[in-house]
Amino acid sequence: MKRFIWNTKEIRRFLRKRTVKCFAAGLLAGAAVGVAAVSLYAYGVLSGNDAASAAVSAELSEENEKLREQIDKYHAARHNTETLAGGDAWSLALVNETHPLDTSYVPEELAEIADGYYVDARILADLEQMMNDGAEQGLSMYVTSAYRSYEQQTETFNLSMQNRLGQGMDPLTAYEETRTSVAIPGTSEHATGLAVDIISTEYAELDERQGDTKEQQWLMEHCWEYGFILRYPPEKSDVTGIIFEPWHYRY
Ligand SMILES: [Zn+2]
C-alpha cells in the first residue's frame, strides 16, 4: 500500500466538513465520481435562483476546486511514480508543488556519483562524463547534493525553517520563505534521483553569484549535451515558485 501522507490528511479534513460528507462514499469509491457529484449538486442549487442557495453553491464550488486540486495531486503522484519506474519517458517526469512524487518512491537502482552521494543509476554515465569533461577543461567542481529521500528532504526543510525561526521570523513567514529555496517534502526533484547540485570549488556558496563562476558558465553552456538542464531560471521564478539556483541540474 503506497502512502500519500499530505493527501489523505487533506482529504480527511474535507470529509469532516458537512457539505462534502455526503460524498464521502463516492470519494472513496472513486475520486472523479465525487467531483462530478459535487459539481452537479452545486449546479442544481445554483439554478434554484435563491440568494442563500447561491452562497451554498459558491461554498461548494470552492470545496470542489480544493478537492479537485487534491485529486490532481494524488493522480500526479501516482503518475510520476509510474513514469519514473519504467517506460521510455522516465526522464520526463515533472516533479514540483502541483506535481508531487509519491513519498515512498525510491529509484530502482541508485549509483554513487561521489562519496555518499547517489543518483538514479540511469543518469550516472552521462553525469560522470559531464564532470570528467569539465575537469579536462581545467574546471574544479563537485556534487554537493544528489538523491534525497523523503525523510532527508523533511530534515532539510525543517532545518532551514528552524534557522529562520531562530532568527526571530514568525512561523508562517518562515514557512513561506523556506519553500522558495527548499522544496516541500514530496515535491523535490532530488527525490527522483535525477537532480544534482553542482558547485564550484572556488566559490562554495549557494547564491546567485555561483552562476558567475567559470564552472557554472561552462555547465550552463554544455549541460544539455549530457542530457541535463539548469532548473528554475530567474525569469521563471514566479512560475516555479523557486528562487534562481544556478547549481541545480536536472536530467
Ligand atoms: Zn537542488
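Visitor: Which residues touch the most other members of the largest nonpolar core?
Guide: This is a predicted model. Its largest nonpolar core holds 29 residues. Those that touch the most other members are Val119, Leu127, Met130, Val196, Ile198 and Phe228.

Visitor: Which residues does Ile198 touch, not counting residues up to four places away in sequence?
Guide: Ile198 is among the core members that touch the most others. Residues up to four places away in sequence are not counted here. The list is Leu127, Met130, Met131, Met141, Tyr142, Val143, Gln216, Leu219, Trp247 and Tyr249.

Visitor: How many residues are in the other core, apart from this one?
Guide: Another core lies apart from the largest one. Among its members are Met161, Ala174, Val182 and Ile184. Its count is five residues.

Visitor: Which residues coordinate the zinc ion?
Guide: The donor atoms lie at 2.0 to 2.1 Å. In sequence the donor residues follow the spacing H-x6-D-x50-H. They are His190 (NE2), Asp197 (OD) and His248 (ND1).

Visitor: Are His190 and Asp197 buried or exposed?
Guide: Both residues coordinate the zinc ion. The cut-off for buried is under 20% relative accessible area. His190 and Asp197 are both buried.

Visitor: How much space lies in the largest cavity?
Guide: The structure holds one cavity of 30 Å³ or more. The space in the largest cavity is about 50 Å³.

Visitor: How do the residues of the lining of the largest cavity divide?
Guide: The lining is made up of Leu101, Asp102, Thr103, Tyr105, Tyr147, Arg148, Ser149, Tyr150, Gly186 and Ala191. By class, these residues divide into five nonpolar, three polar and two charged.

Visitor: Why does Asp120 count as buried?
Guide: Asp120 sits in strand S2 (residues 117-120). Buried means under 20% relative accessible area. Asp120 counts as buried because its relative accessibility is 2%.

Visitor: What separates the C-alpha atoms of Asp120 and Glu109?
Guide: Leaving aside neighbours within four places in sequence, Asp120 is in contact with Tyr105, Pro107, Glu109, Leu110, Thr192, Gly193 and Leu194. Asp120 and Glu109 are eleven residues apart along the chain. Their C-alpha atoms are separated by 6.0 Å.

Notes. Residues are numbered from 1 along each chain as its sequence is written. This is a predicted model: local features need pLDDT of at least 70, side-chain atom pairs count only at pLDDT 80 or more; totals for chains, interfaces and linings use all residues. Side-chain values use heavy atoms; hydrogens and water are left out. Donors are N, O and S atoms within 2.8 Å of the metal (3.2 Å for Na, K and Ca); water is not among the atoms, so sites may look incomplete. Buried means under 20% relative accessible area, exposed over 50%, partly exposed in between (1.4 Å probe, protein chains only). On a 1 Å grid over the protein atoms alone, a cavity is a set of points where a 1.4 Å probe fits but cannot get out, and a pocket is an open set with protein on both sides within 12 Å along at least five of seven lines; lining residues have an atom within 4 Å of a point. Grid points are joined across faces, edges and corners, and a volume is the space filled by probe spheres set on the points. Ala, Val, Leu, Ile, Met, Phe, Trp, Tyr, Cys and Pro count as nonpolar, Asp, Glu, Lys and Arg as charged, and the others, Gly among them, as polar. A nonpolar core is a set of buried Ala, Val, Leu, Ile, Met, Phe, Trp, Tyr and Cys residues joined through side-chain atoms within 4.5 Å. Contact means heavy atoms within 4.5 Å. Helices (H or I, at least four residues) and strands (E, at least two) are DSSP runs, numbered from the N terminus.
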